[in-house]
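The following exercises concern a predicted model.

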Amino acid sequence: MDYFNYMCFFIYGLVFASFLNALGYRMDKGYKYPDIFIKPSACEKCKTPLKWYELIPVIGYILNKGRCSKCQKKINIYYPISELFLGLTFLILFVTHSPISFYVLSLVLFFLTYFDIETMSIPKKETDILLTIALLYKVYLIIFVEKGISFSQDASLIFSLGLLVVVSIINRWKEVLGIGDLLILIIISSLLPFASFILYLYLTILLSGTVSIILIVFNKEYLKKYIPLLPFMTMSFVLTVLTNYYFPTLLHTLFPVFF
């Protein structure tokens, strides 16, 4: 039964990823309601409608060898890789008995990551709406679940809000970090306890810094290129969930002052 559940959650992740990728693409191309939801998927170049089996996450890409079956245009490798990533994310969240809020957050991060990679920006309107929902949810938790403000549970949100103020002031002279990334950080901080949030920040800086250095070493042009941060923020969230579940004592060892 466990293996059946594992497979189900993995498939759920694949399906959600396929839907969110299509939704992000159509939003970026300016599709209007109801076409943004109901218009059949087609090749970006020749506009040939995709067959049903070509829409199967990952498998459709493999069957077509990564190309359109008619015009042979290459399909962006981002799609199957991102589908696998969200499938594995859902599987990890299920195995670690994560709350439903973590599933929602993973979908939010996945959706916004599409824009950060494909358009090199994060949509402001959608981010503001998601931030408002996250803050309202946090207020609900403080009032009805936590029964008051708790340092271990709420310091991460206070810290991220303070970071937003500091970076906003510094950005007046020289932009050091995008405000969109900080707003996403606030959304994440509303769900993570402080110790987990510190680990999350550490992993984000480690991953993004390491990859950026490698890219610059092999191609100096990346010194002037935009390197999206949100993919690393998304991966770090999954790694934080795994660490909390399998290595809980590691947090006590690394950050004893926060317990």
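**Exercise 1.** Locate Val 139 among the helices, classify its exposure, and identify the surface patch that contains it.

*Solution.* 
Step 1. Val 139 belongs to helix α6, which spans residues 124-145.
Step 2. The relative accessible area of Val 139 is 43%. Because partly exposed covers values between the buried limit of under 20% and the exposed limit of over 50%, Val 139 is partly exposed.
Step 3. Together with Tyr 137, Tyr 140, Ile 143, Phe 144 and Val 145, Val 139 forms a nonpolar surface patch with about 580 Å² of accessible area.

**Exercise 2.** Find the salt bridges of the whole structure and state whether their partners are buried or exposed, or partly exposed.

*Solution.* 
Step 1. One joins the side chains of Asp 128 and Lys 124, at 2.8 Å from N to O. Both residues lie in helix α6, 4 residues apart, or about one turn of the helix. Asp 128 is partly exposed at 29% relative accessibility, and Lys 124 is exposed at 62%.
Step 2. Lys 138 and Asp 154 form a salt bridge, with their closest N and O atoms 2.9 Å apart. Lys 138 is in helix α6 and Asp 154 in helix α7 (residues 151-170), so this pair ties together parts 16 residues apart in sequence. Lys 138 is buried, at 3%, and Asp 154 is buried, at 4%.

**Exercise 3.** Describe the largest pocket and its lining.

*Solution.* 
Step 1. The volume of the largest pocket is about 890 Å³.
Step 2. Its lining comprises 35 residues, and those closest to the centre are Ser 41, Ala 42, Leu 50, Leu 55 and Tyr 79.
Step 3. Helix α1 contributes the most to this lining, with 7 residues.
Step 4. By class, the lining has 20 nonpolar, 6 polar and 9 charged residues.

Technical notes: Residues numbered from 1 in each chain as written. Predicted model: local features only at pLDDT ≥ 70, side-chain atom pairs only at ≥ 80, totals over all residues. Heavy atoms only, no water. 1 Å grid on protein atoms, 1.4 Å probe; cavity = no way out; pocket = protein on both sides within 12 Å on 5 of 7 lines; lining within 4 Å. Points joined across faces, edges and corners; volume = space filled by probe spheres on them. Helix = DSSP H or I, 4+ residues; strand = E, 2+ residues; numbered from the N terminus. Nonpolar A, V, L, I, M, F, W, Y, C, P; charged D, E, K, R; others polar. Patch = residues over 30% accessible without salt bridge, like charges linked within 9 Å, V, L, I, M, F, W, Y side chains within 5 Å. Areas by Shrake-Rupley, 256 points an atom, 1.4 Å probe, with all protein chains shown as cover. Salt bridge = Lys/Arg side-chain N within 4 Å of Asp/Glu carboxyl O. Buried < 20%, exposed > 50% of the residue type's maximum accessible area, 1.4 Å probe, protein only.
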